[in-house]
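Student: I would like a close look at a single part of this protein, namely its open sheet and what surrounds it. Please take me through it slowly, in one connected answer.

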Amino acid sequence: MSDYTVRTLRPDEHRTAADLFRLTLHHVPATDETWRRFTERMLQPGRTLGAFDTELIGTVRSFDAEITLPGGARAGVAAVTGVGVRPDRTRRGILTELMRAQLTDIASRGLPFAALRASEGVIYNRFGYGVTTRSRSYRIDRRRAVLRADVPAAGQVELWPLDTALERLPELYASLPHTRPGMMTRPPYWWPGWERHAREATSPVVTAVHHGPNGPDGYVVYTVERKNWNDPAVLEVLSLHTATGEAFNGLWRYLLGVDLVDTLRAEERPVDEPAELLFTDLRAVQDTGGGDELWLRLVDVPAALGAREYAGEPVVLEVVDPVLETNSGRYQVSPDGVRRTGAAADLRLGVDALAMIYLGAWRPSLLAAAGRIQPADPAVLLRADRLFATSVPAWCGTHF
Ligand SMILES: CC(C)(COP(=O)(O)OP(=O)(O)OC[C@H]1O[C@@H](n2cnc3c(N)ncnc32)[C@H](O)[C@@H]1OP(=O)(O)O)[C@@H](O)C(=O)NCCC(=O)NCCS
């Protein structure tokens with residue numbers, strides 16, 4: 001028996017929840033102005049949950065967005081964020097109760113997916129989330145980064161002042177093709193967080209937009225850290241989305257021309273982003289890391305499995321979901337569709353492992369080798385690898 005309750009918060013409780021979340025991340029509470037101008041506008045009504053004993057001790061929230069799936073379809077996803085339990089109440093099952101309540105609520109809203117960015121790698125598997133996109137970070141040494149003469153040059157780059165960017169970026173982002181599985185829409189609840197970051201940053205947050213033959217076709221948001229007159233300066237790419245290779249080339253051409261910069265850094269980029277192909281010395285681009293990016297949860301397993309495209313031969317999955325138990329069962333998955341089946345399973349896997357193969361981030365055979373998937377016969381793994389493969393690596397590119 002737990003000695004606390006979990007329920008949806010009333011609007012007059014939202015600020016306490018936001019401050020509690022900030023406390024769990026070791027941040028000071030929002031000022032009145034920050035709360036009014038930004039934080040309050042990030043909350044979708046009815047989507048913040050709280051755990052109480054004598055007072056609020058834990059919280060989670062979400063907002064609705066859409067995620068791109070292999071084959072190009074989009075599906076509803078609850079973007080989960082604001083997860084925190086008061087430090088004097090951790091490790092006694094409070095997050096577990098909040099997650100259970102939140103997933104049940106998301107399922108009752110008919111959303112097939114939930115997704116989040118994890119502060120730590122050990123928290124979310126147990127709730128059925130799995131790493132579904134991975135990213136790469138790199139740095140470019142500007143002295144070594146000479147553009148190849150054959151890199152096509154086309155289009156124009158224009159700076160948008162912050163107010164223009166705030167007004168026009170939502171539409172520009174929405175108009176760019178979501179070519180990779182894992183890319184998400186940015187609904188109105190997302191943008192106030194971006195605005196807050198841009199307005200409260202200590203160095204200017206600059207938006208440069210590439211114009212191609214049909215108008216804006218890509219943008220980069222960046223900031224330059226230059227503490228003292230003679231210190232080396234680092235240009236940090238905060239967001240970069242393009243519709244075409246020309247826009248990608250044009251924006252990097254622009255960034256390399258920004259004065260008073262020694263190093264350019266890009267974090268959480270697609271694993272196959274071709275930055276080094278632009279330079280005479282491909283070692284001008286150095287990997288600085290990478291890792292898990294988006295964590296996905298298949299909330300409605302049959303709907304989620306049925307929403308993406310597949311290639312090759314059918315495979316029967318036996319999915320185990322300890323939290324949303326109606327998802328547990330056997331599914332025949334094939335390019336012709338997905339259906340529940342009584343046939344013997346080819347692969348047995350947890351719903352968290354299913355999320356890891358669902359957007360193609362991991363091959364089923366690799367998860368089987370690591371013991372995360374149990375094949376009835378190892379020969380089926382090649383079929384499963386082909387079934388879940390994607391033509392382009394998944395990537396989200398949106399932080400929330
Ligand atoms: C992460 C957090 C919300 C977990 O809350 P909690 O109430 O302690 O979680 P629970 O007690 O329900 O934990 C469930 C299980 O996960 C484990 N777990 C949870 N968080 C963990 C962590 N950070 N490190 C290691 N194990 C963790 C618990 O040990 C427990 O394991 P058990 O079932 O084997 O006993 C809380 O530690 C917190 O607020 N952290 C700081 C803020 C943060 O990182 N938020 C997440 C943002 S994405």
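Tutor: In this predicted model, seven strands make up an open sheet with mixed pairing, and their order across the sheet is 1-2-3-4-5-14-6. The edges are held by strand 1 (5-8) and strand 6, each of which has a single partner strand, so one side of each is left without a neighbour in the sheet.

The UniProt annotation "active site", which comes from an unreviewed entry, covers Y124 and F400. Y124 is placed in the loop between strand 5 (113-116) and strand 6 (130-131), and it counts as buried because its relative accessibility is 5%, below the 20% limit used for that word. Apart from neighbours within four places in sequence, Y124 is in contact with V83, M99, L116, A118, Y129 and W295. F400, by contrast, is placed in the segment after helix 10 (380-388), but this residue is buried too, with a relative accessible area of 14%. Leaving aside its own neighbours within four places in sequence, F400 is in contact with F63, A79, V80, T81, A115, L116, R117, M184, W190 and L294.

Side chains of opposite charge can pair when their charged atoms come close. The side chains of D53 and R89 meet in a salt bridge, at 2.7 Å from N to O. This pair links distant parts of the chain, since D53 lies in the loop between strand 2 and strand 3 (56-68), while R89 lies in the loop between strand 4 (74-85) and helix 3 (94-108), 36 residues apart. D53 is partly exposed, with a relative accessible area of 30%, whereas R89 counts as buried at 17% relative accessibility. The pair also belongs to a network of salt bridges that links D53, E55, R86, D88 and R89.

For comparison, two other salt bridges lie within single helices. In helix 2 (residues 32-37), E33 and R37 are four residues apart, about one turn of the helix, and the closest N and O atoms of their salt bridge are 3.1 Å apart. Here E33 is partly exposed, with a relative accessible area of 43%, and R37 counts as partly exposed at 34% relative accessibility. In helix 5 (residues 191-200), E195 and R199 are likewise four residues apart, which separates them by about one helical turn, and their side chains meet in a salt bridge at 3.0 Å, N to O. In this second pair E195 counts as buried at 11% relative accessibility, while R199 is partly exposed, with a relative accessible area of 34%.

Methods:
Residues numbered from 1 in each chain as written. Predicted model: local features only at pLDDT ≥ 70, side-chain atom pairs only at ≥ 80, totals over all residues. Heavy atoms only, no water. UniProt positions renumbered as here; feature names shortened; annotations may be inferred. Buried < 20%, exposed > 50% of the residue type's maximum accessible area, 1.4 Å probe, protein only. Contact = heavy atoms within 4.5 Å. Pairing = 2+ DSSP bridges. Salt bridge = Lys/Arg side-chain N within 4 Å of Asp/Glu carboxyl O.
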